[in-house]
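Here are my notes on the model you sent over. Have it open while you read.

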Amino acid sequence: MDAEIKALRETLQRSKRAVVFTGAGISTESGIPDFRGPQGLWKTVSPIDFSEFIGSEERRRERWTRQFSSENTMAKAEPNSGHLTVAQLVKAGKVSHVITQNVDGLHQRSGVPDEQVIELHGNSQYAKCLECEKRFELAPLKDKFLSDGTIPMCDDCGGIVKTATISFGQSMPVAAMQMAEQASLDCDLFVVVGSSLVVYPAAGFPVMAKENGADLVIINNEKTDLDRLCDLVIHQQIGSTLSAAID
Ligand code: ZN
């Protein structure tokens, strides 16, 4: 067995309460491009920020057009072996929480219970009313939008409906941030998977865990600024690395 995989396996075995923190890298292996990466969508299509979405029906129409486009890879993506291995670790009681920067909902789809997934940037697989927070599933909104161009509005209060993501210009979700902080402080092992850790405040969690005595592991296909703090760094494919470590 590869020495790094062996070290990862032993670190996981030693841990009694781990946290897994995931970024775009775990989902690129499911075919979802990293929007911020070098081939990222946002190099060619600029994101619609929160104030634009709220302020302009035209921008809302554009946002929903993108959401319901056949080129929206996120809507079609399936969990890969990375997600499935994380779900196994949660099920085995090894991992208390999965903190994620992703909005694709693939951790839940792979079997991690909702209450153990902490979504720092929300979720694009359902929508919410911005006024009363009523939840809307996307399928009926899509049918209506594609048939007659109706922009989703709340049928209870008339509020603007938006995917449950945290857009640029929208404040970070307070409850999720607090949960992530608590989970980071409570763990004895913090495993970063597929995040380049450049976006704060998210990148603060591994530092917080490490300073509080947890082991820190990073599995990512490229170097990160926090590699120097780590007990173990693995620059390899995520799915195959994780699944080999628990085989
Ligand atoms: Zn409403």
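The points below cover the metal site and then the sheet.

1. Ground rules: this is a predicted model, where local features need pLDDT of at least 70, side-chain atom pairs count only at pLDDT 80 or more, and totals for chains, interfaces and linings use all residues. Numbering starts from 1 along each chain as its sequence is written, and side-chain values use heavy atoms, leaving out hydrogens and water.

2. The zinc ion has C129, C132, C154 and C157 as its protein donors, each through SG, at 2.2 to 2.3 Å. (Donors are N, O and S atoms within 2.8 Å of the metal, or 3.2 Å for Na, K and Ca; water is not among the atoms, so sites may look incomplete.) The angles among the four donor atoms run from 97 to 118 degrees, making the site tetrahedral; for four donors that label needs all angles between 85 and 135 degrees.

3. Along the sequence, the donor spacing reads C-x2-C-x21-C-x2-C. C132 sits in the loop between β4 (122-129) and β5 (135-137), and C157 in the loop between α8 (138-148) and β6 (161-165), so this pair ties together parts 25 residues apart in sequence. (Helices, H or I with at least four residues, and strands, E with at least two, are DSSP runs numbered from the N terminus.)

4. Now the sheet: three strands make an open, antiparallel sheet ordered β5-β4-β6. Pairing takes at least two DSSP bridges between two strands. β5 and β6 are at the edges with a single partner strand each, so one side of each has no neighbour in the sheet.

5. β4 and β5 are joined by three bridges, and K128 has R135 in β5 as its bridge partner.

Notes: Four donors count as tetrahedral if all angles lie between 85 and 135 degrees; four count as square planar and six as octahedral if opposite donors are over 155 degrees apart and all others between 65 and 115; anything else is irregular.
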